[in-house]
Amino acid sequence: MKAGSGITGFNLYGQTKFIQLLGAHWWRRQLAGQCVVVAVSPGLIPGTGLSRGMNINFPANMPDAKPIPEGAASILRAFTRDDFPEDPEQIFLTSWGEWWSKGVYAKTLDKALQDKWCPSKEEIEREEGLDSDA
Amino acid sequence: MPRTQKAYDSLKFDTAKHNLTLLPLDLSDLKGTRSFARLALEKVKQDKIDYLLLNAAISDGSEGPGPNGSKWSEPYIVNHLAQHYLVHLLRDKLVESKSRVVVVSSGAVKQVEDPGMISPTLASALNRKPY
């Protein structure tokens, strides 16, 4: 994760998205009963510019690739779906509209790992040199 | 901002029915993220935040220096830290609004086999080639 650590884009992307999902679970726990937190995958969507940093372009005819409007529709579903699974940890909506089973992302359910990667506001400001009152 | 404004203008959105305001946000800049949060809260005033969509991501490597002198790589800041910070900054309003927070994730989360390997102290040892 550190700057200059030389990790290539493809690996780093998966790792940062893993940590981001740890964050979604962490906020789901912090905001339980107050807000709804949903994670959603749009699927593999060439043409959004996401891959610009990898210096490769995913062709639109790749297997599993979906057009941008379909990816957008997947994301929009996360705004309106209210058939939440009974298990509060099951927060991941797939691009084909299923609530993903927890086994697929079991490693992100580790609460100690979630805590590790979810610093407090004050910790972030201190670490990144932001004045608390600026 | 000009590009976003142009895209918005091309939609010919009916502003007689709904208000829509564009505010600049660069997630590689945590200070700017805080300014955005303040501006957004000022704009929303007493109204609610019904939805917060966290959609931005980049897929660059960590070869370059961290933005604004950060020890963290830009993808980590954009894809997680700034989004996480933004939720902290908006937290009171989100709770007051009973908001729905939508986090755009990815099947790429499955790539991580050993979460211990993403520890920052081990990051520099990770230089596997993806192909």
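Author: Within β2(B), A:V37 has B:V101 as its bridge partner. Here strands (DSSP runs of E, at least two residues) and helices (H or I, at least four) are numbered from the N terminus. The model is predicted: local features need pLDDT of at least 70, side-chain atom pairs count only at pLDDT 80 or more, and totals for chains, interfaces and linings use all residues. Residues are numbered from 1 along each chain as its sequence is written, while chains are lettered from A and ligands numbered from 1 in the order in which they are written.

Reader: How many bridges join β1 of chain A to β2(B), and in which sense do the strands run?

Author: Strands of a sheet pair through backbone hydrogen bonds, either parallel or antiparallel. Two strands count as paired if DSSP finds at least two bridges between them. In this case 5 bridges join β1(A), residues 36-40, to β2(B), and the two run parallel. A:A39 stands opposite B:V103 in β2(B), and also opposite A:F92 in β2(A). β1(A) and β2(A) pair over 2 bridges, again in the parallel sense.

Reader: Is β1(A) mostly covered or mostly open, and why is A:T108 classed as buried?

Author: A residue is buried if 20 or more other C-beta atoms lie within 10 Å of its own, exposed if 12 or fewer, and partly exposed in between, with C-beta atoms placed from the backbone. β1(A) is mostly covered, as 4 of its 5 residues are buried. A:T108 is buried because 29 other C-beta atoms lie within 10 Å. A:T108 sits in the loop between β2 and α3 (111-116) of chain A.

Reader: Which residues are in contact with A:T108, apart from its neighbours within four places in sequence?

Author: Contact requires that the C-beta atoms of two residues, placed from the backbone, lie within 7 Å. By that rule, A:T108 touches A:F18, A:L21, A:L22, A:H25 and B:V109. A:F18 and A:T108 are 90 residues apart in sequence, yet their C-alpha atoms are 7.0 Å apart in space.

Reader: At what angle do α2(B) and α3(B) pack?

Author: Two packed helices are described by the angle between their axes and the distance between the axes. Axes are lines fitted to C-alpha atoms, for helices over the stretch in contact, and angles run from 0 to 180 degrees between N-to-C directions. α2(B) and α3(B) pack at about 35 degrees, with axes 10 Å apart. Among the contacting residues are B:L41 of α2(B) and B:L86 of α3(B).

Reader: How many residues does each chain bring to the contact between the chains?

Author: Chain B brings 55 residues and chain A brings 53. On the side of chain B that touches chain A, α2 (30-44), α3 (74-97) and β2 of chain B each give two or more residues. α3(B) gives the most, with 12 residues.
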